[in-house]
2 protein chains.
Amino acid sequence: MVSGFKATQPAVAVLALIVLLASFTMPIANPADPSPPDYALVIHGGAGVILRDKLDAETEQAYRTKLLEALETGREILAVGGSSLDAVEAVINLMEDSPLFNAGRGSVFTEAGKNEMDASIMTGHDLNAGAVAGVTTIKNPISAARRVMTHSKHVMLSRDGAEAFAADQGLEIVDPEYFRTERRWESYRKLKAKQESAAETEDTKHGTVGCVALDREGNIAAGTSTGGMTMKKWGRIGDSPVIGAGTYANNLTCGVSATGHGEFFIRNVVAHDISALMEYKGLALVAAADLVVKKKLVSQGATGGIVALDGEGNIAMSFNTPGMYRGFLKSNGEQSVFIFGDE
Amino acid sequence: MVSGFKATQPAVAVLALIVLLASFTMPIANPADPSPPDYALVIHGGAGVILRDKLDAETEQAYRTKLLEALETGREILAVGGSSLDAVEAVINLMEDSPLFNAGRGSVFTEAGKNEMDASIMTGHDLNAGAVAGVTTIKNPISAARRVMTHSKHVMLSRDGAEAFAADQGLEIVDPEYFRTERRWESYRKLKAKQESAAETEDTKHGTVGCVALDREGNIAAGTSTGGMTMKKWGRIGDSPVIGAGTYANNLTCGVSATGHGEFFIRNVVAHDISALMEYKGLALVAAADLVVKKKLVSQGATGGIVALDGEGNIAMSFNTPGMYRGFLKSNGEQSVFIFGDE
């Protein structure tokens, strides 16, 4: 295992370091244990035109380190019997707090130069769900989505209403300036000068973050958080806060979190479609995910990807873009993070 | 047929009147033509605790007349080869303009005493879709949803952003006062005094309106428009503007418009689930609709209903409440409107 060991001898430490480094590039760090894992977790940090020659070594390393940190955050909760819901929230909180991803701090800017965020969360044992749309002052939108699910009669709250609810619930409220990063502001400034939407530019990257977890109780939870589309206007809502499109969880089938060209993900009800293909057509998780992402979406010219897992701990990380920030772990020791499509 | 005839003799006129009256109570006005209809249309005006002894004769007649008028509006478009999209928009416009339904004029009030409306529309030949959420000044929200679909790159626009877009598109913008009706204001005032949400009151009625149409080209379109839940707060968004939950259309399977306790309809991805049961499990339309509405939703204590039709012009009007304002017509002459569950 990559973590949780103690190096009592230098040789062991060196060996462990080799395993750790190998885990960055090998699809599977350790051979799979044939029995289903007790718990599992899969994450994404956005899909898009992510190419080796466009990503400098330092930035690449920063992403890989943060993805591993996210996995570790989830493992610490799941290993001791914590719930998949807790794991999903904690993992996404970490990614929201990082300026690397288009969610929470580091969100892209709307046409009006604001950071407007969406998030949703769902639990597979009771099909409960919560979502917030167009929020600008909630430090961790995924935590607000969880509170909507557990502490309101509603599923989806929006804008200042969602913010008032989050404040009532004691969640951390921040100045909108908190979400601003120079990198995203630069990107916004350039697009604004050309009056283009990010969807029209070649370096499109759907930077949404997401996490799906299976806990020791066999319960699946899924969550997604995003800053949306650069230069979005008119109060545009993407797929991330839409249950069935950007997020879905059902213990009978799977949990899914999506990232991509949100409009197509809504029209194709992507997350629920993967679940329905499993439940009604008997497809395995990866077959269902690939059919939706690599066939249906591709036939419509829609870019993006999903991460998903089923009740057996099988993992799908399906995308039709050059790259997707992603990673997974299982209780049997398998763990890896990836960025590019060819690794 | 109920309409389109000319009574040239008194006897014919009397006969026609009998047929007209019979159409109010008989499930099917004319025996079914075994060949699939060239076009078909189905509507709802909300489901809920709608009981004979609570509805006075005059009000009942007003609903039946308006439902027949809605059907006739759709027939005029579909009969001459108009598109299912045009039919859906025109029919819903008529119902939005009527104060009888909780959509457009006649919408219920939010906790803050405002009318905030949601709508969505989808076309089954290209899986295109549009939606608006939380709009307060657009006279016909379903027309704004159509414009989002056809004249923007987005699927879902919200609040003032959606209103600015609608205004840009030349849609009719009205003073929020336009949507106010004394009946809904009275209902709001009473609930406000008790600080109860409509979901908690016994006379709960989900007054959303919806329409699904099949045109002569074989194309299906579906739309839904609503004033939401009385006393809603925190910018609550229900299922009506959520593609896959309140509205879905796919030429391969069916079109669906839902009305009910929106939170459960989102969590169950109701409209897409009915389509998926047909596409992946091979269920017929009515079986798929009944499974979702009368089994899955009932098992969760969720109230509401759906109207749907498939590419063969088969009709489903499935609900688990005492009543649902509803009606359908087919090109073969079948036409009927209903209110209560036992008719």
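Me: How many residues of chain A and chain B are in contact?
Reply: In this predicted model, 45 residues of chain A are in contact with 45 residues of chain B.

Me: And what area is buried between the two chains?
Reply: About 3700 Å² is buried between chain A and chain B, and carbon and sulfur atoms give 59% of this area. On the side of chain A, Trp234(A), Arg267(A) and Tyr280(A) supply 24% of the area that the chain buries against chain B, more than any other three residues.

Me: How many salt bridges are there between chain A and chain B?
Reply: The count is two. In one salt bridge, the side chain of Arg159(A) meets that of Asp160(B), at 2.9 Å from N to O.

Me: Which elements of chain A supply at least two residues each to the side that touches chain B?
Reply: They are β3 (128–135), β4 (156–158), α5 (159–168), α7 (262–267) and α8 (270–281). By class, the residues on that side of chain A are 20 nonpolar, 11 polar and 14 charged.

Me: Which residues line the largest cavity?
Reply: Its lining includes Ser158(A) from chain A, together with residues of chain B, among them Glu116(B), Asp118(B), Lys232(B) and Arg236(B). The lining has two nonpolar, four polar and five charged residues.

Me: And what lines the second largest cavity?
Reply: Ser158(B) is one of the lining residues, and others include Glu116(A), Arg159(A) and Ile237(A). This lining divides into two nonpolar, four polar and three charged residues.

How values were computed. Residues are numbered from 1 along each chain as its sequence is written. Chains are lettered from A and ligands numbered from 1 in the order in which they are written. This is a predicted model: local features need pLDDT of at least 70, side-chain atom pairs count only at pLDDT 80 or more; totals for chains, interfaces and linings use all residues. Side-chain values use heavy atoms; hydrogens and water are left out. Contact means heavy atoms within 4.5 Å. Buried area is the accessible area (1.4 Å probe) that two parts lose on being put together, summed over both. A salt bridge is a side-chain nitrogen of Lys or Arg within 4 Å of a carboxyl oxygen of Asp or Glu. Helices (H or I, at least four residues) and strands (E, at least two) are DSSP runs, numbered from the N terminus. Ala, Val, Leu, Ile, Met, Phe, Trp, Tyr, Cys and Pro count as nonpolar, Asp, Glu, Lys and Arg as charged, and the others, Gly among them, as polar. On a 1 Å grid over the protein atoms alone, a cavity is a set of points where a 1.4 Å probe fits but cannot get out, and a pocket is an open set with protein on both sides within 12 Å along at least five of seven lines; lining residues have an atom within 4 Å of a point.
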